[in-house]
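Hi,

Here is the structure I promised to pass on. Have a look at it first, and then read on for what turned up in the pockets, the cavities and the helix packing.

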Amino acid sequence: MTTIQGTPHATQPASRPLTRADFPAGFQFGVATSSFQIEGATHEDGRKDSIWDTFCREPGRISDGTSGEVACDHYHRWPQDLDLVHSLGVDAYRFSLAWPRIQPDGRGAVNPAGLDFYERLVDGMLSRGLRPYATLYHWDLPQALQDVGGWDNRDTAHRFAEYAHIVAARLGERVVSYATLNEPWCSSILSYQLGQHAPGLQDRRAALSAAHHLLLGHGEAVRALRSVVPGAELGIVLNFSPTYPATGSPEDRAAARREDGEFNRWFLEPLLLGQYPADIWQSYGTDVPDIHPGDLETIRQPLDFLGVNYYTRGFVSASGQKPAGASYTQMGWEVFPQGLTDLLLRLSRDYPAPPMFVTENGAAYPDTLSGETVHDTERVQYFAAHLEAVRQASLQGVDVRGYFAWSLMDNFEWAYGYSRRFGLVYVDYADQTRVLKDSGRWYQALASSEAPNP
Ligand code: FCB
């Protein structure tokens, strides 16, 4: 890194491997997972079905016909998995809690065994010097709540706030950071309109109603959490896909603006501005959600952080044009690190955004075991380029405080089952062996490098 008058040069890419010294003091390096994707043990110790258990049983929903029944068997192997996280040299571990372990029916009676599990897990992190970053909802809604409408039912928002309160009352400020929801776009639009995620509906009105109730549930949960864990950091995790028009034509620009509105602004603006974007509201016609007085005030709670999940951009062309010279991951997602810099800059310049964390970023590639490791060169390049993109945003003044690689280990990739691998660690599902990939070693070297002086 070159230095001009004591200021790091913003446009100079690091010519040597990144180290902690390239990031601000206190910057958190972490890895992320979610409950349904790794835990397995779906019917143990009182846990009942989530909507994903049901969805996996429906023929054709999961491309390889698998389920979360065993997954990475993390429910039984968590001590070794936390050892693995610790061995990477990271500061923090982002995990999620399964609501149907804690309140198997989504309401009423608490299942003590569920809370006990997460208490052991959190204490296990603390005893290894790892900072717990919890996500309360990463898509595994209790099936009993789906049976009465799921997120399309306004009552689910209230149930969620109650569940959040139960969790925080038990785990308290041992959890340093609570995110309410992970990616509400996925648990509403992708799940209720596009039909690709549980519960697999295709109904735009229901999807927009679900989105509103998710945001309402977030707001109510933040209020509940503030009273129980005033010292914890509270926020939400959104997925962003910044959109770029293929050309400067009015058609491409309008299409990009529309896609940005539906995907990004529809969730961001109620949270940060207390209003839905007017252009998209109008275009949705009679499918818009039913908003009660006070809802938008509830949704716009002061936040301690915004979690940013970034995998790719949207390249929008009215004529179906594709970006020139692009490379893609196995998900078919374009590798576009510049999009992460642009996104972080936009969020901090155009919105009253709280401090940000990149809460997910990563790539699936068809890994193969070779001897004792996996030579996942493309994934190393993906991580290096995106961390460099975060560094560039930080150098340009964005308050970004951490980065969580998705994912600690290969896991159940939703509708793709086990056919997509995102891990820093390879999982052999036949015997649950964990094998550190080259990318894991690369991340370990970065996380173990010397920290800058505060
Ligand atoms: C995100 C999800 C995460 C994982 C990655 C690949 O949308 O939050 O669970 O599946 O995509």
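This is a predicted model: local features need pLDDT of at least 70, side-chain atom pairs count only at pLDDT 80 or more; totals for chains, interfaces and linings use all residues.

**Second largest pocket**

With that naming, α13 and α14 each supply at least two residues of the lining of the second largest pocket. The largest share, 5 residues, comes from α14. This pocket has a volume of about 260 Å³. Its lining has 16 residues, and those nearest the centre are A384, A385, E388, A389 and Q392. Sorted by class, the lining residues are 9 nonpolar, 4 polar and 3 charged.

**How α13 and α14 pack**

These two helices also pack against each other. Helix α13 covers residues 338–350 and helix α14 covers residues 377–395; the angle between them is about 30°, and their axes are 8 Å apart. Angles under 35 degrees count as roughly parallel, so α13 is roughly parallel to α14. The crossing of α13 past α14 is right-handed. On the α13 side the contact is made by L340, T341 and L344, and on the α14 side by H386, A389, V390, Q392 and A393. There are 5 nonpolar and 3 polar residues in this contact, and no charged ones.

**Largest pocket**

Of the 46 residues that line it, W185, S241, F263, T312 and W333 are the closest to its centre. The elements giving two or more residues to this lining are α8, β7 (233–240), α10 (250–273), β9 (305–310) and β10 (314–316). Helix α8 provides the largest share, with 5 residues. By class, the lining of the largest pocket has 21 nonpolar, 16 polar and 9 charged residues.

**How α8 and α9 pack**

Helix α8 (residues 184–193) turns up again in a helix pair, packing with helix α9 (residues 204–228) at an angle of about 160°, with the axes 8 Å apart. Angles over 145 degrees count as roughly antiparallel, and α8 and α9 are therefore roughly antiparallel to each other. Their crossing is right-handed. From α8 the contact takes in P184, S187, S188, I189, Y192 and Q193, while α9 brings R204, A206, A207, L208, A210, A211 and L214. The contact of α8 with α9 divides into 9 nonpolar, 3 polar and 1 charged residues.

**Cavities**

The largest cavity is lined by R94, Y133, A134, T135, S177, A179, V237, F305, F357, T359 and F404. Two or more of these lining residues come from each of β5 (131–137), β6 (177–182) and β11 (356–360), with β5 giving the largest share, 3 residues. Split by class, this lining has 7 nonpolar, 3 polar and 1 charged residues.

Happy to go through any of this with you.

Cheers

Terms used: Residues are numbered from 1 along each chain as its sequence is written. Side-chain values use heavy atoms; hydrogens and water are left out. On a 1 Å grid over the protein atoms alone, a cavity is a set of points where a 1.4 Å probe fits but cannot get out, and a pocket is an open set with protein on both sides within 12 Å along at least five of seven lines; lining residues have an atom within 4 Å of a point. Helices (H or I, at least four residues) and strands (E, at least two) are DSSP runs, numbered from the N terminus. Ala, Val, Leu, Ile, Met, Phe, Trp, Tyr, Cys and Pro count as nonpolar, Asp, Glu, Lys and Arg as charged, and the others, Gly among them, as polar. Axes are lines fitted to C-alpha atoms, for helices over the stretch in contact, and angles run from 0 to 180 degrees between N-to-C directions. Angles under 35 degrees count as roughly parallel, over 145 as roughly antiparallel, 65 to 115 as roughly perpendicular and the rest as oblique. A crossing is left-handed if the near helix is turned anticlockwise from the far one by less than a right angle, and right-handed if clockwise. Contact means heavy atoms within 4.5 Å. Grid points are joined across faces, edges and corners, and a volume is the space filled by probe spheres set on the points.
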